[in-house]
Amino acid sequence: MDNTSKIPSYLSRERLGPWETYLVQIDRVEPYLEKSLLPWVETLTRPKRTLIVDVPIRLDSGEIAHFEGYRVQHNLSRGPGKGGIRYHPDVTLSEVMALSAWMTIKNAVVNVPYGGAKGGIRVNPKNLTLAELERLTRRYASEINIMIGPEKDIPAPDINTNEQIMAWFMDTYSMNQGKTTTGVVTGKPLSLGGSLGRPDATGRGVFITTVEAARHLGIPIAGAKVAVQGFGNVGEAAARLFAEAGAKVVAVQDETGTVFNAAGLDVRRLKRHRHETGSLGGMAEAESIDNQDFWACEVDILIAAALENQITEDNAGRIRARIVTEGANGPTTPAADLILQARNILVIPDVLANAGGVTVSYFEWVQDISAFFWSEDEINQRLDKIMRDAFNAVWASAESKGILLRTAAFVLGCERVLLARKLRGLYP
Ligand code: NAD
């Protein structure tokens, strides 16, 4: 396994933003990269293009409010940019840069023909009415219009953005173009060129990669205990798929709290309860526990599917799972990574584990531009094959080089990007 037993002081959580976390990851990977690609590595540490936009909207009250938005294209060597749009009060340029870079690596790991991009607006969408949210989305789409397009950069949903927002986004772009252009975003409603299987795709990819890892470690999924942080698009789908496969989802945490049942929670009922009451707590057979105790739950599998920087030096030592799967982007700090490694806990890294979403987004884009739509079975089968092939390529490389799955996934992804970069050469 990679050298590293001591946590260097510069890795302290307070000093490391998401972009710095990504740079540390690239540093760790560099010694394992094919030598002829090394002259190009610096390209990975510099986003190709970043755009900061002012997004002014008229509130329902008649007042004008300004929000800051971003779109970053980290690397376009392998194809058009691809990556979601996040609406969250903590969105920063550093975060969007890191998320766009992870998209570059992720798209290369599953070998979809895209570069990496990401966008976001610093806003708490829960404070906006539906009409304000629509105006925000349309103005943001207009502001970043110069960068996007089905052959340039294709956004998708991320935290707090959904298929309705993608529909407004697609409509705004189409109005500017003077023609309906469904391929400009993915994660759209089915009736507007969306794809079957997209809503569950990221959670399904999390499930598929975890099942593969469990198989290698000899852990049967039926009866395995699972804890899931985040009960949104990714976490809920993953929890549901584990429960359907006979695992016991014993703990679920979201922004409203943590619930626990040693015999396994009823995931579908919990989803309904969360929807109807607005919080996880209060359902029969689901004991509310302290948020910090979530990390110490005795489980086989822990799914981190909420936000970045959730597994830190403060809680990594308490985790008892044998597998940690990163459904979220960047949920484990580099310092926590070292602690999990020392404790022999297998981490399935984000750039592999949550790549199911972008894989089915790729299917959606292919269907849109060919105007020919596939069945859900066909989509799930293709997804299953891509995720399992990617997992097993990363696993084999980790085994043969004696490195972590994260390092192996980054080596695979970075080498594909750098080879494309090298072959294209510099212009002019
Ligand atoms: P979402 O908005 O649907 O769900 C986010 C979940 O996290 C919610 O349940 C929310 O309550 C919970 N959460 C927020 N803050 C929390 C906190 N402090 N503690 C515990 N829980 C908290 O978002 P999503 O689409 O499920 O995305 C989740 C993560 O997965 C993000 O990191 C996102 O970038 C990543 N991801 C999403 C996709 C996708 O297709 N949606 C694809 C790849 C990666």
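Start by selecting helix α3 together with helix α4 (residues 163-177): the two pack at an angle of about 45°, and their axes lie 9 Å apart. Those axes are lines fitted to C-alpha atoms, for helices over the stretch in contact, with angles running from 0 to 180 degrees between N-to-C directions. Helices here are DSSP runs of H or I with at least four residues, strands are runs of E with at least two, and both are numbered from the N terminus. The angle makes α3 oblique to α4, since angles under 35 degrees count as roughly parallel, over 145 as roughly antiparallel, 65 to 115 as roughly perpendicular and the rest as oblique.

Before moving on, a word about the model: this is a predicted model, in which local features need pLDDT of at least 70 and side-chain atom pairs count only at pLDDT 80 or more, while totals for chains, interfaces and linings use all residues. Residues are numbered from 1 along each chain as its sequence is written, and side-chain values use heavy atoms, with hydrogens and water left out.

**Back to the first pair**

Which residues make the contact between α3 and α4? On the α3 side, show L130, L133, E134, T137, R138, Y140, A141 and S142; on the α4 side, show I165, W168, F169, D171, T172 and N176. Contact means heavy atoms within 4.5 Å. Colour these residues by class and you will find seven nonpolar, four polar and three charged. In this scheme Ala, Val, Leu, Ile, Met, Phe, Trp, Tyr, Cys and Pro count as nonpolar, Asp, Glu, Lys and Arg as charged, and the others, Gly among them, as polar.

Now select N145, in the loop between α3 (130-143) and β6 (153-154). Not counting residues up to four places away in sequence, N145 touches Y173 and N176. Draw a line from the C-alpha atom of N145 to that of T172: the two are 27 residues apart along the chain and separated by 9.2 Å. N145 counts as partly exposed because its relative accessibility is 22%; buried means under 20% relative accessible area, exposed over 50%, and partly exposed in between (1.4 Å probe, protein chains only).

Next, pick helix α1 (residues 18-29) and helix α12 (residues 405-424), whose axes come within 9 Å and cross at roughly 85°. That makes α1 roughly perpendicular to α12. Show Y22, Q25, I26, R28 and V29 of α1 with R406, T407, F410, V411 and C414 of α12 to see the contact. By class, six of these residues are nonpolar, two polar and two charged.

Stay on C414 for a moment: is this residue buried or exposed? C414 is buried, at 0% relative accessibility. Another cysteine, C297, is also buried, at 8%. With a disulfide taken as a pair of cysteine sulfur atoms within 2.5 Å, the count comes to zero.

Follow the chain into the segment after α12 to reach P428. A cis peptide bond joins Y427 and P428, with omega about 5°.

- Select E212 in helix α5 (residues 198-217). E212 is buried, with a relative accessible area of 5%, and, leaving aside neighbours within four places in sequence, is in contact with R388, F391 and N392.
- Go to N309, in the loop between β11 (301-304) and β12 (323-326). Its phi is near 55°, a positive value in a residue other than glycine, and N309 is partly exposed at 26%.
- Finish at A371, in the loop between α10 (356-370) and α11 (376-401). Phi of A371 is near 50°, again positive in a residue other than glycine, and A371 is exposed at 61%.
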